[in-house]
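Please look over the sequence and the model shown below before reading on. The briefing that follows goes through the fold as a whole, then the packing of helices, the charged pairs and a few individual residues.

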Amino acid sequence: MAEDTAWPDDAKQDDLMQLYATSPDSFRDVIVTIMQANPDKFNVMQLNQNSDDSNTSLTKEAFGNTFKDTFKPALLNLIFDLIDVGNTDSINQAALIAFVN
């Protein structure tokens with residue numbers, strides 16, 4: 001599963017959510033691999049697209065809205081939770097970039 005870099009369809013996204021429930025570390029590895037292989041679909045630099053602020057912060061809702069046309073909302077919530085290691089209910093662009101890289 002970790003070697004598949006194609007953008008996941010709905011069924012594959014459901015499988016990824018199940019993977020999160022059983023193995024969050026494996027889920028992270030698969031998601032990061034998919035994101036890295038598809039920067040045109042999940043462009044972390046779009047956070048600063050309309051801003052000069054270099055430390056853009058996002059709530060879970062804002063993260064979901066920013067990337068709404070990428071993964072299913074439930075999958076985006078899981079990704080946000082992995083990035084928000086401090087459980088602050090907010091992530092910044094640096095944390096997102098660190099997650100993807």
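Helices and strands are runs assigned by DSSP, at least four residues long for a helix and at least two for a strand, and they are numbered from the N terminus. With that in mind, the place of Asn87 can be given as the loop between H4 and E2. The model discussed here is a predicted one, and its secondary structure comes to five helices and two strands.

**The fold as a whole**

- Read from the N terminus on, the elements follow one another in the order α-α-β-α-α-β-α.
- The protein has 101 residues, and buried residues make up 38% of them.
- When contacts between residues at least 6 apart in sequence are considered, 62% of them join residues that are at least 24 apart.
- The accessible surface comes to about 5,800 Å², and 45% of this surface belongs to carbon and sulfur atoms.

**How helix H2 packs against other helices**

- Two packed helices are described by the angle between their axes and by the distance between those axes.
- Helix H2, which covers residues 24-37, packs with helix H5, residues 93-100, at an angle of about 100°, and the two axes are 9 Å apart. Angles of 65 to 115 degrees count as roughly perpendicular, and H2 and H5 are therefore described as roughly perpendicular to each other.
- On the H2 side this contact is made by Arg28, Ile31, Val32, Met35 and Gln36, while H5 contributes Ala98, Phe99 and Val100.
- The axes of H2 and H4 come within 11 Å and cross at roughly 105°, so that this pair, too, is roughly perpendicular.
- Here Phe27, Arg28, Ile31 and Met35 in H2 meet Leu75, Leu78, Ile79 and Leu82 in H4.

**Charged pairs**

- Side chains of opposite charge can pair when their charged atoms come close.
- How many salt bridges does the structure hold? The structure holds two salt bridges.
- In one of them the side chains of Lys72 and Asp14 meet, with a distance of 2.5 Å from N to O. This pair links distant parts of the chain, since Lys72 is in the loop between H3 and H4 whereas Asp14 is in helix H1 (residues 10-22), 58 residues apart.
- Lys72 counts as partly exposed, at 23% relative accessibility, and Asp14 is also partly exposed, with a relative accessible area of 33%.
- Lys60 and Asp81 meet through their side chains in a salt bridge of 2.7 Å, again from N to O. The pair links helix H3, where Lys60 is found, to helix H4, where Asp81 is found, and the two residues are 21 residues apart.
- Lys60 is partly exposed at 31% relative accessibility, and Asp81 is partly exposed with a relative accessible area of 33%.

**The loop between H4 and E2**

- Asp84 lies in the loop between helix H4 (73-83) and strand E2 (91-92). Asp84 is buried yet has no salt bridge, and the nearest side chain of opposite charge, that of Lys60, is 7.1 Å away. A salt bridge requires a distance within 4 Å.
- Leaving aside its neighbours within four places in sequence, Asp84 is in contact with Asp89, Ser90 and Ile91.
- Most residues other than glycine have a negative phi.
- Asn87, however, has a positive phi of about 50° although it is not a glycine, and at 65% relative accessibility Asn87 counts as exposed.
- Asp89 is found in the loop between H4 and E2 as well, and its phi, near 65°, is likewise a positive value in a residue other than glycine. With a relative accessible area of 57%, Asp89 is exposed.

**Two further asparagines**

- Leaving aside its neighbours within four places in sequence, Asn38 is in contact with Thr5, Ala6 and Trp7.
- Asn65 lies in helix H3, which covers residues 60-66, and counts as partly exposed at 49% relative accessibility.
- Asn65 and Leu76 are eleven residues apart in sequence, and their C-alpha atoms are 9.6 Å apart in space.

Terms used. Residues numbered from 1 in each chain as written. Predicted model: local features only at pLDDT ≥ 70, side-chain atom pairs only at ≥ 80, totals over all residues. Heavy atoms only, no water. Buried < 20%, exposed > 50% of the residue type's maximum accessible area, 1.4 Å probe, protein only. Lys, Arg positive; Asp, Glu negative; His and termini not counted. Contact = heavy atoms within 4.5 Å. Areas by Shrake-Rupley, 256 points an atom, 1.4 Å probe, with all protein chains shown as cover. Axes fitted to C-alpha atoms, helices over the stretch in contact; angles between N-to-C directions. Parallel < 35°, antiparallel > 145°, perpendicular 65-115°, else oblique.
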